[in-house]
Amino acid sequence: MKNQAESKKINDLRSALEVIRAVPRQYHETDAEIDPKDDLAGVYRYIGAGGTVIRPTRVGPAVMFTNIKGYPGTRVLVGLIASRERVAAMLGAPVRELGKHMAQAVKNTVDPVFADQSKALCQEVVYKATDEGFDLRKILPAPTNTPQDAGPYFCEGLVLGSDPENGHTDVTIHRLCVQGKDEISIFFALGRHIDMFRQKAEKAGKPFPVTINMGLDPAIHISACFEAPTTPLGFDELKIVGGLRGEGVELVDAVTVKQKSIARAEIVIEGEILPNVRVAEDQHTKSGYAMPEFPGYEGTANPSLPLIKVKAITMRKNAIMQTLVGPGEEHVNLAGIPTEASIFRTVEAAMPGFLQNVYAHPSGGGKFLSILQVKKRSEADQGRERQAALMAFGIYSELKQVILVDEDVDIFDTNDVLWAMTTRYQGEVSTVFIPGVRCHQLDPSQDPAYDPKILAHGITTKTIFDCTVPWKLKKLFERAQFKEVDPTPYMPDWMKKNGP
């Protein structure tokens, strides 16, 4: 897969799709009519959502729906990044080393470049809000994930905004609920840099210009999910994409607002976040819910969200609308691979050669649970495993639990990790609790209603599960070693399909 990706230059969604079409069982296209309201997510739940989605679900192919009810000629792609195998193919890296690959890109960033507006693919078709009959709800099929959703959502829209004081740019993915023909509410999780920029504009009484970029090179979506301190305030995550691809991301001036668009995006919504205007997320449905979030639960509708006033929609000819299923494997990879990269980069710098690998496990949605594989090389390394866990909490504030294992445990095999927890872990001596730490507001257990000792919503007890063998007992915990025998002559077809 690495050679396939390297032989094909990827700089947008369409070139990425060319790569995964060549990988068996990673892409499927259907012309069966599908309703974007509830049905699209309901179907993909069975095919390839994975993650924390209610069972039954699975990791499966990306699916392109080419017959969207009510939107003739429109295509919707779901699940592009919902498989590490697909991500590996599109990034040109081994499946088990995606975090390390991304960490390298953070070290070798390349700045975005500005394209001639006459060559901007994202502006081949333009709809302006001043056009008679303009209604974004009739132009773009924003899906709902469940019947309880507050409304239709753009689930994989990359919001690009700039600091009104110094021009620094930030790109992040947010909850975007369609509220009217030219209105979209936006939810900001605590501490997002782009929200800090918005607040500066609002304090000055000015609208905050943004573009919502959809249908992108997957490297852009993944890079945008890095967080501080790996990407501190003022750091442009698009530079990481340049490090991955070896050339800068192309930007172009938006048509109606003073902002930049990603030139090779499939679809761009241009707009302004209005100062001092708030709306209830579920103002039309009164459902009390937003949409399913990465922990696997329906998010609570926010009663007061900033509002984007849409000024224009621009797109490529025959544009592809891209979406995801909220709690699915796609979110795991979007959030988890940058998590792995950030942890590996920091621990490796402090303790070279000690941390072997990191896996942001799907059960934590890519955010809450990480498994760290370490290699104790001497008595001096005893205790460093817990230091590595503490560093992981410091580098990624939304991380809730860390499981530590030795180098002989496969961190990508949950059975192997639980084996280590069963035979190399004693609850009383192998668990470290760190209470009263800020974590993530979407975890429903992080609330005083769950336990009065929790001081406020979003506060948690962070936990280290040390499932590593004490250095002095290494010999007593050696796994049974089998003779190396090539099974190919005995089961050639099976080996060809499954590998060793």
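Analyst: The largest nonpolar core comprises 59 residues, a nonpolar core being a set of buried Ala, Val, Leu, Ile, Met, Phe, Trp, Tyr and Cys residues joined through side-chain atoms within 4.5 Å. Buried denotes under 20% relative accessible area, exposed over 50%, and partly exposed in between (1.4 Å probe, protein chains only). Among the residues with the most contacts inside this core are Leu-17, Met-102 and Ile-222. Leaving aside neighbours within four places in sequence, Ile-222 is in contact (heavy atoms within 4.5 Å) with Ile-81, Val-87, Leu-91, Met-102, Leu-334, Ile-337 and Pro-338. Another core, of 42 residues, lies apart from the largest one and includes Ala-41, Leu-140, Phe-154 and Met-214.

The model is predicted: local features need pLDDT of at least 70, side-chain atom pairs count only at pLDDT 80 or more, and totals for chains, interfaces and linings use all residues. Residues are numbered from 1 along each chain as its sequence is written, and side-chain values use heavy atoms, with hydrogens and water left out.

Three aromatic pairs are present; rings of Phe, Tyr and Trp (its six-membered ring) pair if their centres lie within 6.5 Å, with planes under 30 degrees apart counted as stacked, over 60 as edge-to-face and the rest as tilted. Tyr-359 and Phe-412 form a tilted pair, 4.5 Å centre to centre with 45° between the planes. Because Tyr-359 lies in strand S19 (residues 355-360) and Phe-412 in the loop between strand S21 (401-406) and helix H12 (414-423), the pair ties together parts 53 residues apart in sequence. Helices (H or I, at least four residues) and strands (E, at least two) are DSSP runs, numbered from the N terminus. Tyr-359 counts as buried, at 8% relative accessibility.
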